[in-house]
Amino acid sequence: MAAVMTASVVLTGCGSGGTEDTSAESQTQGTETAEEGSSAGETTEAAGTEAAGGAEDPEKPEKITIMANGTIPTKVNNRDAFEARWEELTGIDLEIIQPDHDAYYDVMGQTFASGPDNWPDVILMGGTYYTGYANEGALWDMTEAWENSELKASGRLNDESIIEGVKLNGALYGFPVARGNGCITYVKKAWLDNVGMDVPTNYEEYIAMLDAFTNGDPDGNGVNGDTCGVSAAGLIGVEEPYINYLPEFYQDAYPSFTQDENGVWYDGFLEENFRGALERLRDAYNKGYIDKETLTNGTNDCRNKFYEDRFGVFTYWAGTWATNLKVNLEANGLDGELVALPPIEEVGTYIERTTPVWAITNACENPEGVFKYFIESMVDGGDMQELWTYGVEDVYWSTKAGEVCGNTYEEGEFHMLESLEKPGTQYTRNHIDPMLAIFDWEGDPGKASIAPEAMESQQTFNDNCRQMLYVPSTEEMGQYNGDLMTLKKTLVANVVVQGMSIDEAYAEFEAGGGVDWSNAIVESLNAYGE
């Protein structure tokens, strides 16, 4: 108990280390709105009576209590309708604890610290929090439940690496229902055409494109040099994987902790290849290829500049955001065609962030039953998967003829309804993004409604990505990593923007305690689980 309370205090402060982004933008894998939709198919009640391993089904719970953030329907978005439909399908009482989205992990930490009597049965969590609470013994090991489940036996899992990727020391303490997603590089097709260039395939061609976009007339306004090549929300991202907004410059370099081919942890900031990344960033920045306001940009700043045709290359979320970017460019009277770039040769693969997981706490009295009737049912390939993907029919989505937000739909045509939270916009989906789902679903009613550019972007990313590693939560990580990342980001800015020499930056890193902090963290990571 004392250990879990200590972990709660440590983990609640992890945000200072940049390891957990609780923003709606991040948690919704890049959708413009994080909303919902609904039903059809086989109900959970119709599931078989025996699990794949031949054992009898676990006892059905009378009630399940969950804690989740704003990626499931909120009160303002008619959560009551979602909850009622879930209870209708299962015959189980569902209690939802839903803190404000931005305060989610603070409330989670307080809940764990308050003792097991106050823990819910199921909690949605990600990143450091998942590894930390699992390591402290607060989460139920669901490995055997998954291995013997009807869900696994169904063969509908389309990417086993996602499940394997969330295992800790070979054990499964949390269950993902979708991919984590990540960022892909978008290039304005009209700009490429205006400068007479093809899609770049390596760094040399990429830099040549940025030069043409910066010094030529890619926007066709008759003026050379009034645009720039690329912009980003910071030289280093605010959360892992840190390099996802400028992958072409970082390439194989990484500013934080990762593993080598033998599974040994090390700090990528101290590797020689990170010096190469700093040189590429500084050179491009000095030549004006990188937006001079990149250091202080937020993602909203970048999007607005992109819509205003001020730069031509934007690395941003794959999938739904391809449509969002296209629509907003066209709303400004610009050409909305974008090329979703396969990673250039030196990048190799984009990084897919770790996916949030549903974890069952060790305070749950019937974890086997909760796994079956809550987690396993969520992706049943029928009514329940429809509920978690789109929400409730005629509340979040419909197939009835009509007009929604200026868009006209024929009878039988699937479409999302107007958002209660953001009038004038339509819902996009519920908790599970259909383009990121890891369990196939033949009866998906909304499949045909996915915009082709979104599907193309997502498929290109899925085909060319690698999963980011879960970094274990250790006492040293909690103690040092916040200050360590602040120091690293300061020195990167000093080199790229202020012109500090790379050698001087690393000397300051050592003098500021960075090497000692880094070594302590590396030692703790390599001792994790022993």
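Let's start at Trp-517, which counts as partly exposed at 22% relative accessibility; here buried means under 20% relative accessible area, exposed over 50%, and partly exposed anything in between, using a 1.4 Å probe and protein chains only. Keep in mind that this is a predicted model, where local features need pLDDT of at least 70, side-chain atom pairs count only at pLDDT 80 or more, and totals for chains, interfaces and linings use all residues. Residues are numbered from 1 along each chain as its sequence is written, and side-chain values use heavy atoms, with hydrogens and water left out.

Now for the rings. Those of Phe, Tyr and Trp (its six-membered ring) pair if their centres lie within 6.5 Å, and planes under 30 degrees apart are called stacked, over 60 edge-to-face, and the rest tilted. That rule gives 35 aromatic pairs. Take Phe-314 and Tyr-316: their ring centres are 4.8 Å apart and their planes sit at 15°, so this pair is stacked. Phe-314 is buried at 2% relative accessible area, and Tyr-316 is buried too, at 0%.

Trp-517 has a stacked partner as well, Tyr-480, at 6.5 Å centre to centre with 15° between the planes. Tyr-480 belongs to helix H18 (residues 475-496) and Trp-517 to helix H20 (residues 514-527), so their pairing ties together parts that are 37 residues apart in sequence. Helices here are DSSP runs (H or I, at least four residues), numbered from the N terminus. Tyr-480 is partly exposed, at 23%.

Back to Phe-314 and Tyr-316: ring pairs link them with Tyr-245, Phe-306, Phe-311 and Trp-321 into a cluster. Phe-306 also has Lys-188 over its face, 4.3 Å from the ring centre. A charge sits over a ring if NZ of Lys or CZ of Arg is within 6 Å of the ring centre and within 35 degrees of the ring normal. Lys-372 does this with Tyr-373, at 5.9 Å from the centre.

What about the nonpolar cores? Each is a set of buried Ala, Val, Leu, Ile, Met, Phe, Trp, Tyr and Cys residues joined through side-chain atoms within 4.5 Å. The largest has 79 residues, with Tyr-206, Leu-210 and Phe-249 making the most contacts inside it. H18 supplies the largest share of this core, eight residues. A second, separate core of 71 residues includes Ile-64, Trp-140, Leu-151 and Trp-397.

Thr-294 is buried, at 0% relative accessible area.

Definitions and conventions. Helix = DSSP H or I, 4+ residues; strand = E, 2+ residues; numbered from the N terminus.
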